[in-house]
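User: Hey, can you walk me through this one? I'm new to reading structures.
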Amino acid sequence: MRESFWKKAKAFDELVTPAVKLLRIADDMEDEDGRALEPMGECYYKSFELQEHYKNLKSAEIPKVVMTACSRSFNDRWSLYHNEYQSVGWILNPVYRKHQQHTNKDVMQEFFRVLEITPGVDAAEATVELSKYRNYEGTTSLTLATDAESKLRPSDWWMSFGSDLPNLQKLCKIVMRQPISATGCEKNWSAYDHILTKKRSRLDPERASNSFTYISTRKLSGNNLD
């Protein structure tokens with residue numbers, strides 16, 4: 001093949017690879033051990049990186065109309081996809097503790113807005129705790145805590161090292177466990193489609209629900225359905 005083909009292939013690979021990685025992060029629901037992942041903050045940061053990637057990507061091999069379409073598509077999806085909890089996830093994910101979130105007015109406004117509406121969380125105390133967290137004070141300053149930032153899920157990290165920051169600890173537990181995409185629902189719908197089919201159209205709702213529960217339980221326990 002001509003060298004020009006490979007140049008274009010490389011350019012388009014640079015264009016779409018970050019977007020594919022972001023989609024995989026959003027769609028992956030469990031790790032290798034079957035534990036639920038918590039991509040709330042990671043998806044927010046990767047989305048920001050993708051936006052900057054499109055702004056800074058300059059290649060003579062990619063037509064301008066394609067670049068414009070990608071940027072417009074991203075902005076359209078962002079307006080539908082973004083919510084306040086992602087800003088909270090970015091701030092409370094210990095992997096991103098050194099990031100300068102406080103310089104982003106929109107992020108901080110969304111964080112404080114979530115603080116005010118979250119039941120059981122003292123917004124004033126949580127604000128003080130945020131300062132301690134960002135300045136590496138208390139148990140979060142331990143070498144063990146910093147070493148575990150990238151090894152534990154955010155909620156597990158906060159359960160282990162956030163005992164002296166109880167409001168942020170509770171907030172993290174609530175926010176980080178929120179689903180980031182509809183993948184879980186789609187998987188359930190797919191499983192249910194195999195239960196209630198045209199051939200089984202007379203299956204009453206209660207029996208269909210019981211069958212779905214049985215299949216889901218077998219999958220969670222790792223048992224083979226065959």
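Predicted model: local features only at pLDDT ≥ 70, side-chain atom pairs only at ≥ 80, totals over all residues.

User: Which residues in α4 and α9 meet?

Analyst: On the α4 side you have Tyr 85, Val 88, Gly 89 and Leu 92. They meet Leu 168, Leu 171, Cys 172, Val 175 and Met 176 in α9. Sorted by class, that contact has eight nonpolar residues, one polar and no charged ones.

User: I keep seeing numbers three or four apart in those lists. Why would residues with that spacing point the same way?

Analyst: An α-helix has 3.6 residues a turn, so residues three or four places apart end up pointing the same way.

User: Nice. Which residues of α9 are buried?

Analyst: Asn 167, Leu 168, Gln 169, Leu 171, Cys 172, Val 175 and Met 176 are buried in α9.

User: And what covers those buried residues of α9?

Analyst: The cover includes α2 (40-56), α4, α5 (105-117), α6 (123-134) and α8 (154-161).

User: Let's take α8 then. How does α8 pack with α9, by angle and axis distance?

Analyst: The angle between α8 and α9 is about 160°, with their axes 9 Å apart. That makes α8 roughly antiparallel to α9. Here too the crossing is described by a hand: α8 passes α9 in a left-handed crossing. From α8, the contact uses Pro 154, Ser 155, Trp 158 and Met 159. From α9, it uses Leu 168, Gln 169, Cys 172, Lys 173 and Met 176. Those residues divide into six nonpolar, two polar and one charged.

User: What about α5 and α6, what's the angle there?

Analyst: α5 and α6 pack at about 135°, with axes 9 Å apart. That makes α5 oblique to α6. Their crossing is right-handed. Met 108, Phe 111, Phe 112 and Leu 115 of α5 make the contact with Ala 123, Ala 126, Thr 127 and Leu 130 of α6. By class, it comes out as seven nonpolar, one polar and no charged residues.

User: Is Cys 172 buried or exposed?

Analyst: Cys 172 is at 1% relative accessibility, so it counts as buried. Cys 70 is at 21%, so that one counts as partly exposed.

User: OK, single residues now. Where does Trp 157 lie, and what does it touch?

Analyst: Trp 157 lies in helix α8. It is buried, because its relative accessible area is 0%. Leaving out residues up to four places away in sequence, Trp 157 touches Pro 94, Arg 97, Tyr 133, Thr 140, Ala 145, Ala 148, Glu 149, Leu 152 and Gly 162.

User: What does Val 66 touch?

Analyst: Val 66 touches Phe 12 and Leu 15, not counting residues up to four places away in sequence. Val 66 is in helix α3 (residues 64-81). Along the chain Val 66 and Leu 15 are 51 residues apart, while their C-alpha atoms are separated by 9.7 Å. With 25% relative accessibility, Val 66 counts as partly exposed.

User: Last one: what's the phi of Tyr 136?

Analyst: Phi of Tyr 136 is near 60°, a positive value in a residue other than glycine. Tyr 136 lies in the loop between α6 and α7 (143-147). Its relative accessible area is 26%, so Tyr 136 is partly exposed.

Technical notes:
Residues numbered from 1 in each chain as written. Heavy atoms only, no water. Contact = heavy atoms within 4.5 Å. Helix = DSSP H or I, 4+ residues; strand = E, 2+ residues; numbered from the N terminus. Nonpolar A, V, L, I, M, F, W, Y, C, P; charged D, E, K, R; others polar. Buried < 20%, exposed > 50% of the residue type's maximum accessible area, 1.4 Å probe, protein only. Axes fitted to C-alpha atoms, helices over the stretch in contact; angles between N-to-C directions. Parallel < 35°, antiparallel > 145°, perpendicular 65-115°, else oblique. Left-handed = near helix turned anticlockwise from the far one by under 90°.
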